[in-house]
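Please keep the sequence and the structure side by side as you read. The paragraphs below move from the whole chain to its sheets and then to single residues.

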Amino acid sequence: MFTLAEVASLNDIQPTYRILKPWWDVFMDYLAVVMLMVAIFAGTMQLTKDQVVCLPVLQSTVNSKAQPVTSGKADFTTVETTTGQGEEVSMRTVSFGSGPTVTPDVPLSRATSSQYQPTESGQELKKEQKDSSGRKTNLDFQQYVFINQMCYHLALPWYSKYFPYLVLIHTIILIVSSNFWFKYPKTCSKIEHFVSILGKCFESPWTTKALSETACEDSEENKQRLTGAQSMPKYVSTSSDEGSPSASTPMITKSGFKFSADKPMIEVPSVTILDKKDGEQAKALFEKVRKFRAHVEDSDLIYKLYVGQTVIKTVKFIFILCYTANFVNTISFEHICNPKVEHLIGYTQFECTHNMAYMLKKLLISYISLICVYGFICLYTLFWLFRIPLKEYSFEKVREESSFSDIPDVKNDFAFLLHMVDQYDQLYSKRFGVFLSEVSENKLREISLNHEWTFEKLRQHVSRNAQDKQELHLFMLSGVPDAVFDLTDLDVLKLELIPEAKIPAKISQMTNLEELHLCHCPAKVEQTAFSFLRDHLRCLYVKFTDVAEIPAWVYLLKNLRELYLIGNLNSENNKMIGLESLRELRHLKILHVKSNLTKIPPNITDVAPHLTKLVIHNDGTKLVVLNSLKKMTNVAELELQNCELERIPHAIFSLSNLQELDLKSNSIRTIEEIISFQHLKRLTCLKLWHNKIVNIPSSITHIKNLESLYLSNNKLESLPAAVFSLQKLRYLDVSYNSIELIPVEIGSLQNLQHFHITGNKIDVLPKQLFKCVKLRTLSLGQNCITSIPDKVSQLLQLTYLELKGNCLDRLPATLGQCQLLRKSGLVVEDHLFDALPSEVKEVLNQDTSIPFANGI
């Protein structure tokens with residue numbers, strides 16, 4: 001036997017799910033419990049009291065066919081009697097020869113007895129019947145038990161026997177159908193997560209407090225109060241339980257609060273000190289809501305499952321009602337039983353009574369009534385499911401009642417869950433909608449951010465860069481702290497990975513700010529702040545993933561001098577995604593583009609006449625179209641690095657003002673076109689390093705004004721004499737080639753100051769090398785040099801000498817005569833330096849305030 005509590009556990013749903021159960025589901029659950037109680041009550045009574053009681057149906061008429069007996073011997077006569085149902089029953093009677101016919105131990109009905117003539121024996125029998133208190137049937141107790149058992153199974157309808165168990169099965173199916181969407185694995189996790197988030201959104205003390213503060217800040221009364229009390233000290237809450245809601249905590253009003261992206265932000269003193277722990281929980285809650293929405297909005301499984309189980313319950317109701325109505329009348333108190341065991345008991349028909357019939361019929365009627373109510377509720381549920389689009393949910397009312405105009409509409413399972421919550425309490429979805437608003441999230445982040453990043457903390461992060469400028473680098477913050485704009489002496493501001501960066505009007509206080517870095521940071525700028533940046537900003541770095549991330553206001557900074565664009569400017573089909581027009585950048589002088597271009601963007605030509613320096617760093621994508629270069633007549637410096645160029649572009653020869661050309665990291669094999677550089681009268685620096693150049697043509701002599709030549713990391717095997725005819729050459733770098741010999745003509749380069757030939761195959765240094773008395777840097781490392789001539793002492797201006805990686809046995813003592821050379825500028829093995837005379841080492845170890853030069 002099971003208890004009611006054990007059965008009730010089948011309908012045990014976690015209390016947290018109650019917010020997802022509308023009134024009809026709750027009412028159907030109660031109906032299911034009542035039906036369950038009906039089934040348990042009926043089943044219990046059946047198990048304890050259910051039985052039938054049967055009595056034989058006696059003969060009502062007897063057609064005597066007995067033959068007279070004349071002898072004195074006893075004879076058997078067959079007597080045919082007719083029962084009350086018109087059936088004939090054969091009975092055996094005993095008669096004696098001279099006496100009357102008697103039927104001992106077989107009582108007959110009055111109707112049967114009255115048909116016989118009154119005899120003496122009949123009178124005695126009649127008298128005996130009057131003395132007895134009932135009718136004698138000649139059946140003992142065991143036979144009655146036997147008949148009762150047989151008739152229970154033969155005469156009693158099956159519905160009377162199994163009705164309680166059917167009710168129990170139907171009720172369990174209905175309960176399972178009602179709660180299946182809570183238990184199904186693919187929906188259970190989503191529902192649990194949703195209920196958990198919804199409860200936290202509704203009950204979070206941080207949320208209530210933050211929304212109240214933002215409402216106070218935006219109210220007109222608060223603005224007036226702050227205007228009149230600017231000289232008063234800031235109010236700081238000293239409440240010990242500020243994390244919990246209290247009667248004094250301001251609530252969200254219908255007017256709400258607004259945030260302006262166009263008007264300057266007024267500095268508002270903090271009303272309360274916000275708990276950092278609550279702030280972190282709120283930020284985590286926003287992230288959970290965002291991820292949950294992305295996870296749930298892509299499917300409608302919960303909606304389909306709920307519709308499916310409602311349809312199943314409706315079909316089940318119709319099925320139960322149809323077949324139950326047919327069996328209502330079969331439950332009766334009286335039943336006729338024909339067990340067909342006449343040879344055992346002498347009777348063919350019995351009339352039975354079912355003692356539970358009355359109670360079962362009342363319970364069945366009650367059950368049908370409950371099922372009807374249950375079915376009507378199912379039909380209403382189906383009407384509700386298909387009356388409105390439940391896979392769409394609009395927060396229009398919430399947007400109207402609050403300032404969160406950016407709350408998005410949701411769809412699919414997310415929308416359906418919110419519709420279900422509305423049936424419980426619409427306040428849940430209203431509070432939940434706030435956590436879908438980016439405005440509210442940004443405000444909470446702003447409050448938390450300003451609390452964490454104070455002016456003192458930001459001041460500690462200010463550093464000096466290589467240009468001796470004060471620089472502040474903010475990395476991966478939720479926003480830009482307000483205290484940043486109080487650093488009025490800041491020169492460089494770097495904002496990296498700050499997706500919600502906003503630059504307010506307070507930036508106008510930073511009068512020294514000239515350089516701004518936006519690394520994956522599409523900053524929004526207020527109108528007043530933009531006016532300040534437009535007039536004062538000189539250098540801007542923008543690093544992005546897609547060209548659409550470049551803020552539109554960048555193209556309107558008319559006083560900008562330098563612009564650095566780093567990111568993807570090509571689409572998947574390798575067609576140029578056009579930048580917005582750069583025509584407004586009238587003062588732009590330097591444009592640096594690090595991307596994957598196949599051609600120079602057409603919009604760069606908008607500022608082509610003004611550019612003096614153009615740098616294009618590709619990621620290995622071949623730069624094919626270069627005709628736009630011809631329009632850049634004022635370009636003095638041009639860098640085309642890692643562009644997979646195989647020859648020097650002809651468009652370069654039209655740049656009459658070109659002074660420096662850098663073609664680093666390309667695939668250039670031959671430079672025969674170098675003869676055309678003779679038209680570039682101002683070209684002083686040529687960088688062809690990190691290519692595949694095999695030889696240098698003699699036509700290089702035509703570049704008369706060349707001062708710097710970079711040919712390192714190529715495949716040169718020799719240096720032609722033509723190189724040493726460039727009398728103005730001051731910097732020559734041929735490191736990391738396969739050069740075996742330094743030509744003696746090098747002595748003609750009297751202006752040579754820096755010579756780098758590291759990583760070659762040089763074994764002998766010509767004496768003419770030391771005629772270049774202006775040498776300040778000499779790199780001879782990683783060669784095969786066996787000795788250094790004593791004439792090295794002629795290099796009086798030498799400050800850097802690299803000899804490491806050669807085959808030297810000793811160093812010349814004349815190194816001590818190189819007046820500007822010090823140990824810090826001498827790169828050799830330690831044992832060679834230790835082998836020098838002590839007086840030479842002493843000279844080299846002397847301190848000097850003159851820094852050595854490692855480049856131009």
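The accessible surface of the chain comes to about 43,200 Å², and 53% of this area belongs to carbon and sulfur atoms; such areas come from the Shrake-Rupley method with a 1.4 Å probe, and for residues only the protein chains shown count as cover. The model is a predicted one, in which local features need a pLDDT of at least 70 and side-chain atom pairs count only at pLDDT 80 or more, while totals for chains, interfaces and linings use all residues. Residues are numbered from 1 along each chain as its sequence is written, and side-chain values use heavy atoms, with hydrogens and water left out.

Of the 856 residues of the chain, 47% count as buried, where buried means under 20% relative accessible area, exposed means over 50%, and partly exposed lies in between (1.4 Å probe, protein chains only). The chain has 21 helices and 27 strands; helices (H or I, at least four residues) and strands (E, at least two) are DSSP runs, numbered from the N terminus. Among contacts between residues at least 6 apart in sequence, 55% join residues at least 24 apart, a contact being heavy atoms within 4.5 Å.

How far can the coordinates be trusted? The pLDDT, which is the predictor's confidence in each residue from 0 to 100, averages 78 over the chain, and 78% of the residues score at least 70. Over residues 217-273, however, pLDDT stays under 50, and the model has 65 contacts beyond four places in sequence for this stretch. Over residues 849-856 the pLDDT is also below 50, with 19 contacts in the model beyond near neighbours in sequence. Where pLDDT is low, the predicted coordinates should not be read in detail.

The UniProt record, an unreviewed entry, places the feature "transmembrane region" at residues 27-47, 162-182 and 364-386; such annotations may be inferred rather than shown by experiment, and the positions are given in the numbering used here, with feature names shortened. In the model, residues 162-182 are 100% helix and 0% strand, with end C-alpha atoms 31 Å apart, and residues 364-386 are likewise 100% helix and 0% strand, with end C-alpha atoms 33 Å apart.

Turning to the strands, we meet an open sheet of three, in the order β1-β6-β5 and with antiparallel pairing, where two strands pair if DSSP finds at least two bridges between them. Its edge strands, β1 (52-56) and β5 (334-337), each pair on one side only. β1 and β6 (residues 350-354) pair over five bridges, and C54 has C352 in β6 as its bridge partner.

Two single residues complete the tour. N412 is found in helix α15 (residues 412-424) and is buried, because its relative accessible area is 18%; beyond four places in sequence, N412 touches V296, E297, D298, S299, D300, L390 and K391. R682, in the loop between β20 (660-662) and β21 (685-687), counts as partly exposed because its relative accessibility is 47%. The C-alpha atoms of R682 and Q659 are separated by 5.1 Å, although these residues are 23 apart along the chain, and Q659 is among the residues that R682 touches, together with S656, N657 and L658.
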